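Biologist: I am new to reading protein structures. Could you walk me through one, feature by feature?

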Amino acid sequence: METLQHLRMSWEEYLQLPEKPKAEWVDGEVVVSPPVGQPHGVSTLRLGARLLECLPGLVVMTEVGVRLPRNRVRAPDLMVVEHRTDERFVTDPPVLVVEVLSPSTRSEDTIRKSMEYAAGGVGQYWILDPELRALDIHANRDGAWQPLLHLDEARPIGEVTVAGHVVSLDLGDVLGTVA
């Protein structure tokens, strides 16, 4: 299993990095993620397509950096914002962010990023786990995550409201079939 790399780097050096590989800036370090596997990539694409379909008037994007408190930049797998800008990073709190878990990013996504997204005012945090075939959706209530919806093999279908839009989800459609 590949792991995250943590490299000491200044903000100026970070801004000079190429777009690939995926790199985030946290506490004076660049956190570099290894390339994603097929389940991760397919799930991200399928969920992004569903969000595009269900959230007219909102902007759905992938791997764009979001500025967070304490001088951090994270790049969620998917993000929904109210409007598009020409800025390099999203600076207003996103409507929602999605992290698709991989073995190398599981603890970073579920622990560190979760707290950072809540502190940054992100409206909803979605955690998609292709390995466990589950999706957890949380709402930000005063800087803490409150569960909204849990989908898994036993309960694969559900709905959640995002910025006044109802998003119907079928976990099988999002994850696809395993060959």
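Modeller: We will look at the sheet, then the cores, then the salt bridges.

Modeller: Please keep in mind that this is a predicted model, where local features need pLDDT of at least 70 and side-chain atom pairs count only at pLDDT 80 or more, while totals for chains, interfaces and linings use all residues. Residues are numbered from 1 along each chain as its sequence is written, and side-chain values use heavy atoms, with hydrogens and water left out.

Biologist: In what order do the six strands of the open sheet lie?

Modeller: In general, strands of a sheet pair through backbone hydrogen bonds, either parallel or antiparallel. Here the order is β4-β7-β8-β9-β10-β11, with mixed pairing. At the edges are β4 (59-61) and β11 (144-151), each pairing on one side only. From one strand to the next, the twist averages 15°. Helices (H or I, at least four residues) and strands (E, at least two) are DSSP runs numbered from the N terminus, and two strands pair if DSSP finds at least two bridges between them.

Biologist: In which sense do β8 and β9 pair?

Modeller: Strands β8 (residues 96-100) and β9 (residues 124-129) run in the parallel sense, paired over five bridges. If you pick V97, its bridge partner in β9 is Y125.

Biologist: Which strands does helix α2 touch?

Modeller: Helix α2 (residues 38-54) packs on the sheet against β4, β7 (78-81), β8 and β9, and its direction makes about 160° with that of β8. Helix α3 (residues 106-119) also packs on the sheet, touching β8, β9, β10 (134-141) and β11, at about 175° to the direction of β9. Contact means heavy atoms within 4.5 Å; axes are lines fitted to C-alpha atoms, for helices over the stretch in contact, and angles run from 0 to 180 degrees between N-to-C directions.

Biologist: Which residues have the most contacts inside the largest nonpolar core?

Modeller: In soluble globular proteins, nonpolar side chains tend to be buried together. A nonpolar core is a set of buried Ala, Val, Leu, Ile, Met, Phe, Trp, Tyr and Cys residues joined through side-chain atoms within 4.5 Å. Buried means under 20% relative accessible area, exposed over 50%, and partly exposed in between (1.4 Å probe, protein chains only). The largest core has 25 residues, and L47, L51, W126, V167 and L169 have the most contacts inside it. Leaving aside neighbours within four places in sequence, V167 has contacts that include L51, C54, L55 and W126. A second, separate core of 14 residues includes M79, L101, Y117 and A118.

Biologist: How many salt bridges does a search of the whole structure find?

Modeller: Side chains of opposite charge can pair when their charged atoms come close. The search finds twelve salt bridges, each a side-chain nitrogen of Lys or Arg within 4 Å of a carboxyl oxygen of Asp or Glu. In one of them, R72 meets E116 at 2.6 Å, N to O. Because R72 lies in strand β6 (residues 72-74) and E116 in helix α3, this pair ties together parts 44 residues apart in sequence.

Biologist: Is R72 buried or exposed?

Modeller: R72 is buried, at 6% relative accessible area, and E116 is buried too, at 7%. Now look at R112 and D27, whose closest N and O atoms are 3.7 Å apart. R112 is partly exposed at 28% relative accessibility, and D27 is partly exposed at 37%. Both pairs belong to a network of salt bridges linking D27, R72, R74, E108, R112 and E116.
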